[in-house]
Amino acid sequence: MIWVMVTLLAFAAGMLTQLRVRSPLANPTLIGTLIVAAALLLTRVPYDTYLHDVQPLSALLTPAVVALAVPLYRLRALLARQWRALLIGGLTGTTLGVMVDTLLARALHLSPDAQRALHTAPATSPVALQLAPFTHAPPALAATLAVLSGLIGALILPALLTALRVRHPLARGIAIGSVAHGVGTARAREEGEQTGAASSIGMGLAAILVTLIVAVVGGSGP
Amino acid sequence: MTSGSVTARLPAPARFVLGLGLLLAFAAAGQALTGALGLPLPGSVVGLVLLWAALGLKLVRLHWITDAADGLLGILGLLFIPATVGFLQFLSAGAAWGLWVLVMTAGLLVGAGAAGLLASRLLRPEDS
C-alpha cells in the first residue's frame, strides 16, 4: 500500500501545482506520473512490483469509465438541439484522428507496439487502457500516448481552430473533445461553458467510437 | 433532486455508496454481455452505453449516481497514473518518441481541424 500512498500524494502535488500554474503542461496526471517514476527509479523498485501494489487504485478505473455516461446524459438537451453538428463533427474528427495515427505510423514503419498503441490515442486514457488487450498494445504505452495526445492537443488545438477561423464555442469544443479527450476538455472549459460541454460530448462519443473501430478493425488483427 | 422520492432524501454518503454500487453493477453487466456475446469490447464501455440507455429510459435516476460519478470523474487523472508510469519500460525507445509525438500531433491537427470546420457549417444558427 506504500505505493498507493506515493501515487495519491504525487497526484495531489500535481493538483496543487495546477492551481498555481495555469498552463496545460501543469497537468496533475503528467506531474504525478513523473514524481512516481522518479521515486521508482531512485528506489530501484521494478514496475511490476509497483503495478501489483497499486491494484486497488486501478480497480476504480472500470466504474469511472461507466461514469462517463453521466456528463453525456446531462448534456442530452444540447445534443438533441445540435445533434447534426456535434455528432457528425465529432465522429468525423475522431475517425480522421484514428486514421492518421494508424496510417502515418505504418508509413513511418514505427515499431509494432507503437503502431498498436497509437490506434487508441484519440480516446480518453482509461478507455485506451481497457482497449489494450484487444489491440495487443502494451497497456502502459497506450495509456501514456493517450495522455500525451491530450496534452499536446490542449496546447496546440485552440490556436489551430483560431487560425482556421472556427469561432463558435460549440464547434471549437467538439473539435477539441473528439481528439484531445480529458486534458483537452479541461482546456476547453477555460474558454467557456459551451465549449466545455461540447468537448465533453466529443470525448464521450470518441470513447464509444474508438471502441467500435477497434472492435471492427483492430480486434480482427493477430 | 426534483423528485419527492425517498432516494432524493438519502444522505450524501449513502447516495455515494448507492452510486458506486450501481456503476460497478453496470460495469459487471457490460462485462457479462461482452462475454456472453463474445464481443471484442471492454465491458466498461458497454456498461457506459447501458447506463446511458438506462438513464434515458428512467430506469436509473440521475441523482442516484451523480455523487459517485462526479467523484470518480473528478479524480480520473489519478486512476491511470499506475498505467502511465509504465512509460519507464519504454525509455529505451529513445528517439522513437519523437516520431510517436509527430504522428499523434498530425492526427490531432487533421482530426480537430476537420471536426471544427464541419461542425461550424452544421450548427443550427438559432443557438448562439
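Guide: Gladly! One cut-off comes up again and again: a residue is called buried under 20% relative accessible area, exposed over 50%, and partly exposed in between. Please also keep in mind that this is a predicted model.

The part I would look at closely is the meeting of chain A and chain B. The contact takes in 92 residues of chain A and 69 residues of chain B. The size of an interface is often given as the accessible area lost when the parts come together. For chain A and chain B the buried area is about 7200 Å², and carbon and sulfur atoms give 82% of that. On the side of chain A, Tyr47(A), Val66(A) and Tyr73(A) supply 9% of the area that the chain buries against chain B, more than any other three residues.

Now for the polar side of this interface. There are 10 residue pairs in polar contact between chain A and chain B, counting pairs with both residues at pLDDT 80 or more. Helix H11 of chain A, residues 139-163, gives the most to the side of chain A that touches chain B, with 14 residues. By class, that side of chain A has 65 nonpolar, 21 polar and 6 charged residues. The rule finds 1 salt bridge across the interface, and the pair is Arg74(A) with Asp70(B), whose closest N and O atoms are 3.0 Å apart.

Leaving out residues up to four places away in sequence, Thr33(A) touches Ile81(B), Thr84(B), Val85(B) and Phe87(B).

From the side of chain B, helix H2 of chain B (residues 43-56) deserves a careful look. This helix has 14 residues and reaches 20 Å from its first C-alpha to its last, close to the 20 Å expected at 1.5 Å a residue. Among the buried residues of H2(B) are Val45(B), Val46(B), Leu48(B), Leu51(B) and Leu55(B). In chain A, the buried residues of H2(B) pack against helix H5 (61-67), helix H6 (69-74), helix H10 (125-135) and helix H13 (193-216), while in chain B they pack against helix H1 (12-37) and helix H3 (62-74). H2(B) is followed by Lys58(B), which has a positive phi near 60°.

Those two packing partners in chain B are also joined by a charged pair. Arg15(B) and Asp67(B) form a salt bridge, with 3.5 Å between the closest N and O atoms. Arg15(B) lies in helix H1 and Asp67(B) in helix H3 of chain B, so the pair ties together parts that are 52 residues apart in sequence. Arg15(B) counts as buried at 11% relative accessibility, whereas Asp67(B) is partly exposed at 23%.

Over all chains, the structure holds 4 salt bridges. Within chain A, one of them joins Glu191(A) to Arg172(A), with the closest N and O atoms 2.9 Å apart. Arg172(A) counts as buried at 9% relative accessibility, while Glu191(A) is partly exposed with a relative accessible area of 31%. Another joins the side chains of Asp113(A) and Arg116(A), at 4.0 Å from N to O. These two residues are 3 residues apart in helix H9 of chain A, which means that they are separated by about one helical turn.

Finally, let me point out a contrast among residues of chain A. His181(A) sits in helix H12, residues 169-191, and counts as buried at 2% relative accessibility. A polar atom of its side chain lies 3.0 Å from the backbone oxygen of Ala121(A). Its contacts, not counting residues up to four places away in sequence, include Pro122(A), Thr124(A), Ser149(A), Ile176(A) and Met203(A). His109(A), on the other hand, is exposed, with a relative accessible area of 70%. That residue is found in the loop between helix H8 (83-107) and helix H9 (112-118) of chain A, and its phi is positive, near 55°. Arg165(A) also has a positive phi, near 60°, in the loop between H11 and H12 of chain A, and counts as exposed at 64% relative accessibility.

Methods. Residues numbered from 1 in each chain as written. Chains lettered and ligands numbered in written order. Heavy atoms only, no water. Contact = heavy atoms within 4.5 Å. Buried area = accessible area lost by both parts, 1.4 Å probe. Polar contact = N/O pair within 3.5 Å; in protein donor to acceptor, adjacent residues only side chain to side chain. Helix = DSSP H or I, 4+ residues; strand = E, 2+ residues; numbered from the N terminus. Nonpolar A, V, L, I, M, F, W, Y, C, P; charged D, E, K, R; others polar. Buried < 20%, exposed > 50% of the residue type's maximum accessible area, 1.4 Å probe, protein only. Expected span 1.5 Å × (residues − 1).
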